[in-house]
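Load the model in a viewer and keep the selection panel open. The stops below go from a bond to the whole chain and then to a pocket.

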Amino acid sequence: MHSHYYPGPYGYPYIPVPYQEQSYSRYSYPDYFPYHQSYYDYRQPVRGQATWTEGGTVTQCGIPWSNNQYMTAAVGSNSPYQCGQAIKVRNVTNGRVVIVTVVDKVPNYPANKINLHRKAFEALGANIDLGIINVDITPSPELEEEKWGKYLLEIIQAAYPNYNVTDYSKVSKNQVNGGQIREVFKFVMTSPQETTNIQGSVVYNPNTDRINSINFKEV
């Protein structure tokens, strides 16, 4: 249902209609990032707004909207968020969280707004008829720095299609037989019925990055 939107660039909508900007002070609702700060320095959540889209066939990042089980989003072309970056989005109203991957960029879109795929919007417990919701947006540099954690995240989203990853942490990293490395991560998975913890591990050759094994288990 797209009745809430004007058609946007790249074949998908992103601006609600009618739309009335709410009034916030620049301190409670920041719509900028100080020029001297990178997104890695900006660890605090940014209060902003999220809209939704069905996505399009072409993206500015070259990453399909169907990536990561549609837990994907578009951001402003001048925002500090980068293509392929993981971002936490929390629905201010009910506290639900999703981790989305940036797959597209939109010109003249504020840094404190994010255009979620419809699946991610609904995963936040939002009714698509609302068109727009208030959210907290947090970049996830810890996950970005963990190559294998991000890799496992994408696999676990596909393995648990009725769950959303709402948090993650690195458990351990150690050397195993033959000089291989084993990294272990914990993911918090939430469905409408329950919350469960999944432990994912990957064993790989650090010289070639070839994977020897991947395992998941509930903990």
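Which residues form a disulfide, and how far apart are their sulfur atoms? Select Cys61 and Cys83: they form the disulfide, with sulfur atoms 2.1 Å apart. A disulfide here is a pair of cysteine sulfur atoms within 2.5 Å, and a search of the whole structure finds 1.

This is a predicted model, in which local features need pLDDT of at least 70, side-chain atom pairs count only at pLDDT 80 or more, and totals for chains, interfaces and linings use all residues. Residues are numbered from 1 along each chain as its sequence is written, and side-chain values use heavy atoms, with hydrogens and water left out.

Stay on the bond. The torsion about the S-S bond of Cys61 and Cys83 is about -70°, so the disulfide is left-handed. Now show the cartoon: Cys61 lies in the loop between strand 3 (46–53) and strand 4 (72–76), and Cys83 in the loop between strand 4 and strand 5 (86–91), so the pair ties together parts 22 residues apart in sequence. Helices (H or I, at least four residues) and strands (E, at least two) are DSSP runs, numbered from the N terminus. Colour by accessibility next. Cys61 counts as buried at 16% relative accessibility, whereas Cys83, at 39%, counts as partly exposed. Buried means under 20% relative accessible area, exposed over 50%, and partly exposed in between (1.4 Å probe, protein chains only).

Zoom out to the whole protein. The secondary structure comes to 3 helices and 12 strands, and buried residues make up 47% of the 219 residues.

Now select the largest pocket, with a volume of about 440 Å³. On a 1 Å grid over the protein atoms alone, a pocket is an open set of points where a 1.4 Å probe fits, with protein on both sides within 12 Å along at least five of seven lines; lining residues have an atom within 4 Å of a point. Grid points are joined across faces, edges and corners, and the volume is the space filled by probe spheres set on the points. Of the 20 lining residues, Ala123, Pro161, Asn162, Tyr163 and Asn164 lie nearest the centre. Helix 1 gives the largest share of the lining, 3 residues.

Finish on Asn164, found in strand 9 (residues 164–175). Asn164 counts as buried at 16% relative accessibility. Leaving aside neighbours within four places in sequence, Asn164 is in contact (heavy atoms within 4.5 Å) with residues including Met71, Val98, Ala123 and Gln157.
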